[in-house]
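Subject: Handing over the structure

Hi,

Here is the structure I promised to pass on. Have a look at it first, and then read my notes below.

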Amino acid sequence: MKIIIIGNGMVGYKFCEKLMAKNPQGIELIVFGEEIRPAYDRVHLSEFFSGKSAQDLEMAPATWYEEHGIKLYTGDPIMHLDCENKTVSSHAGITESYDYLVFATGSSAFVPPIPGVEKDGVFIYRTIEDLEMMRDWAPKAKKGAVIGGGLLGLEAAKAMIDLGVTDTHVIEFAPRLMPRQIDEAGSTLLQAKLESIGLHILTSTNTLEITGSDKISGMRFQNDQVLDVDMLVISAGIKPRDELAKNAGLATGPRGGILVDSHMLTSDPHILAIGECALYEGMIYGLVAPGYEMAEVAMATLLGADKQFTGFDMSTKLKLIGIDVASFGDPFASDGEVRSIVLEDRNKGIYKRVNISADGKTLLGGILIGDAEQYNMLLQTCKNQVILPPNPEDIILGSRGGESEGGAGVLSLPDDAMICSCEAVSKGDICSHVLHGAENIEAIKKCTKAGTGCGGCIPMVKDIVNHTLKSQGIYVRNVICEHFDYSRQELLDLVHLHNLRSYDEVLSAHGHGDGCEVCKPLVASLIASLWNEMILDKGNDTAQDSNDRFLANIQKGGTYSVVPRIPGGEITPDKLIVIGEVAKEYNLYTKITGGQRIDLFGAHLTDLPAIWEKLIEAGFESGHAYGKALRTVKSCVGSTWCRFGLHDSVSFAIQIEERYRGIRAPHKIKGGVSGCIRECAEAQSKDFGIIATEKGWNLHVCGNGGSKPQHALLLASDIDSETCIRYIDRFLMFYIKTADPLTRTATWLNKLEGGIDYLRNVVVNDSLGLAEELESEMQKLVDNYVCEWKAAVENPEFRKRFSHFVNAPEEKDPTVDFEVLRDQKKAKAWS
C-alpha cells in the first residue's frame, strides 16, 4: 500500500508516528510539506520568543523520517491532484502515484478584507517564519495592535509583549473577549486583568482601513476613531486549507473544509482528510487533540480496523499572559434543566462558574478564570458523569467547616476515562503501565506518550501514578531526576551525612550519568543550604543559573542589577551619598524597591567588581537579590519614631536580617517586622512576619505576595525576642530540610500534612525532638556567613570571571544599548 500525505504539520506527523508504531508491513509512506522544515509544535509556538529555537519546537528531526523509511519532501507543496489516475504533482515537478491519499493540510490564518493589509509592519501569527519576521520588525515598533480577541489573538498579544512592544491594543469585533469559550461575566473579569497588566482592549470594534504609505502608520475604525500603530498582528481565526481538494472535485462545506465521514473518508473512497482541513458534521476542530484522534481513526481505517470519529470535546485550558483561562463541557448551559453555581472574586481576579443538572448530581460544564487548578478533575467529572458530592459547590469552593471534600478525586474516575486527549491515553492505560513497572511520569511518557502533547494532563497523570502505587502498598518517592534515585530530602541527608561539598562529589557518590539542568541547580542549592560556603568556590556556581554565577540578576538588554543589603530599610546619609556617587559614576538607573532598599540597574558585567568594591568600602554587603536566599526583612519605624509603636521594630528587623542573610533555601525568603497591629511592614504577607504586641511579639509564617497571595498564619503569640528567633531558626531549617525545589513556604505549608497545627507542634512543641538539632544547624550557617561580593572582589581568580571577553577583560559587551526614560537610562529590549 502506497500512502501519500499532503501536509506535514502536527497532525500529519502524528499520523506517521501512529502508523509506524503499528510496525505495518508493505506500506510506503510519502509526505509532502509546504514549509521548509519538518513538523513543529504550533501549540507552544509563542515559546519561540522565550528562547526556544525552531529546532527545540520540532516534533521530530528529518532523520526520524529516514530511520522509519518515510520519504519526506519539505518546501514542496502539492499543486495538482488527479483523483481519477490517483496521482499528485508537486511545485518542484515531482509526480507520485498513490493507493490512498491523506489530506493533512491544516488551516491558514483568516485575514479580513481590510484595505491596507499588504503594508509593511502587518503580520499574521501562524508559522515560525511569521514569528521571525515579527521579531525582526519589533525593535522598530513602539505601539502595536492585534486584530482578534480570541485564543489566537490573545496569544499574539502575549507575543507582542514578549517582543518588547508593551503598548499593545487588542481589537475585537465581538462585544467581548473569547466569546466562544467564556461568558460575559468571565470575559469582563478577564478584560480587567489584561488591562491591569497594560494591554488596551477595544471590543465591538470593526477595522475599516490600515493607514500609511508603504508601511503601517495607523488604523481607522467604523466610528472614525483612529489609532496610531507601527506594528499590527492579525489573528482573527483560521480557514481550512481545502483549495487543492476543491479543485480536484472533492466535496467541501459551504464555508470551507473537506467533508469527511466517521472513518475520515472524503467523497473519494481512496482519499482521507484529518485535522483542521477536515469538516465533520459541520464542525472544523481547531485544537490539536481532535486532530490526533482523527489521525488515529484514519490509520485504523487504512489498516482495516473498526474505529470511528464521533466528534470531540472542545474543552481547553491555557495561560494567557500569565492568566489561567479554561472552559469545559457546556460552559453556557442555561435552560430550565440547568443550575449554575458562580464564584466571582474581583479582589483576587478569580471567576468560576459550574453548570450542574437540575437534580444536582452531574456536572455539565463550566468556566474558570484566574485559577484553573481544578480544571483536570472538573473536566473528568464532567466527561465521565461522576456523581457530585451532596453540596455541589464544594467542587469549586473546597470543603468548609469540617465538611467532606468535594468529590473522591482520581480514584472515582472509571478506567476508560480519557486522561490525555492528545494521545488518547485512558486512566486504565496509565494504571496498567504503573503496575508493570512505569513508576514515574517520565516512564509513563515513554510508554504511553501521555503528557507529551499540550502537557495539560501532567498533574492528573502524576496523581494517578501516585495513587496506583499507594494502592499497591508501594512507597511513593519523589525522585529528583533520572540521575539521582532520591528525593530532595533524602539527598540532603546523604550530602550532610557524607560531608559532600561539590556537585561532582555528590554525583560520584550517589548519582549516575552526567547530570542535567534539573539536578545541577538542585544539588548546588542543597550544598549552599547545608554549608553556606562561598557560592563561587569549588565549582558550585557553574551548577547554578546565570544569576548565582555572576552574583547579580541579569536584566533586559544583557545588563545586570546591583542590590546592596540595607537591613530593615535603615540607611545613613553617608551610605546614601555613596550609592548616589556610584550610580552617577557608572550611569546606573536607580529605583527604591518594595523591600526597602535601592536597586541599581544597567551595570555591565565587567563593571560589577569595581562597583561592589566601592560599595563594600562604604560598609555595604551583598543583598543576595540573585539567590534563593533571604532577600529583605521589611520594617516600619516602630517605637523609635511612631506614636503607635509598641516595640523597636527597626532594631529587631536589622537583627533578624543580619542573622539570616545569605542563607540558601529551596526558594527566596522574605520577612517583615511591624511595631504594632497597624501592620505597616505588611508582615503577614511574608514567609515569616513579626508583629509587636503589648506582651512581646506575634510570629506569623508561610505567607507570600506574588501571583497567588496568601496570608501568613499565626505560629506563636506574645513571645519574647529570643524565643522568636529560636522559633524562626527551627521553622527555616525545617523548611530547608523538607521542602521541594523552588517551593515557597506558603505552598510548602499547603502540602504539609496536618498544616499549621503540625508545623506548630514541630516548631513550638518540639513534637519530633528536633528543636536542638535545628537550632544548632542554623547557628552553623549563621557562623559560616561571608559576604559573597567581598570575597569576590578580594580574590583575583574570582574577578577574572567577570569579563565579557576573556582575551580583552576591559572591553564591555558591545551589543548593550540604552535609551532615555525620565532622565535616567533604560536598556533597550533585545531584538
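Before the strands, a word on terms: two strands pair if DSSP finds at least two bridges between them. Helices (H or I, at least four residues) and strands (E, at least two) are DSSP runs, numbered from the N terminus. The model is predicted, so to speak of a local feature I needed pLDDT of at least 70, and side-chain atom pairs count only at pLDDT 80 or more, while totals for chains, interfaces and linings use all residues. Residues are numbered from 1 along each chain as its sequence is written, and side-chain values use heavy atoms, with hydrogens and water left out.

β28 and strand β30 (residues 598-603) are antiparallel partners, with 2 bridges between them. Across from Tyr-560 you'll find Ala-603 in β30. On β29, 4 bridges tie the strand to β30, again antiparallel, and Lys-591 has Asp-599 of β30 as its bridge partner.

Put together, that gives an open sheet of 3 strands in the order β28-β30-β29, with antiparallel pairing. The edges are β28 (560-562) and β29 (589-592), each of which pairs on one side only. From one strand to the next, the twist averages 25°; for angles, axes are lines fitted to C-alpha atoms (for helices over the stretch in contact), and the values run from 0 to 180 degrees between N-to-C directions.

How many residues of β30 are buried? It is 5 of the 6, so β30 is largely enclosed by the rest of the structure. Buried means under 20% relative accessible area, with exposed over 50% and partly exposed in between (1.4 Å probe, protein chains only).

The hairpin of β29 and β30 has 5 residues between the strands, and Gln-596 there takes a positive phi near 65°. Helix α18 (residues 608-617) lies across β28 and β30, at about 5° to β28.

**The five-stranded sheet**

Another open sheet has 5 strands, ordered β31-β32-β33-β34-β35, and its pairing is mixed. Its edge strands are β31 (630-635) and β35 (713-719), each pairing on one side only. Neighbouring strands here are turned by 15° against each other on average, direction ignored.

β31 runs parallel to strand β32 (residues 669-674), and 4 bridges join them. Lys-634 sits opposite Gly-672 in β32. Helix α23 lies across β34 (697-701) and β35, at about 40° to β35.

**Two helix pairs**

α23 (residues 755-763) also meets helix α21 (residues 721-738): their axes come within 9 Å and cross at roughly 120°. In contact (heavy atoms within 4.5 Å) are Tyr-727, Arg-730, Phe-731 and Phe-734 of α21 with Tyr-758, Leu-759, Val-762 and Val-763 of α23.

Helix α10 (residues 427-435) packs against helix α11 (residues 441-448) at about 115°, with the axes 10 Å apart. That makes α10 roughly perpendicular to α11. The contact involves Ile-430, His-433 and Val-434 of α10, and Ile-444, Cys-447 and Thr-448 of α11.

Happy browsing!

Terms used: Angles under 35 degrees count as roughly parallel, over 145 as roughly antiparallel, 65 to 115 as roughly perpendicular and the rest as oblique.
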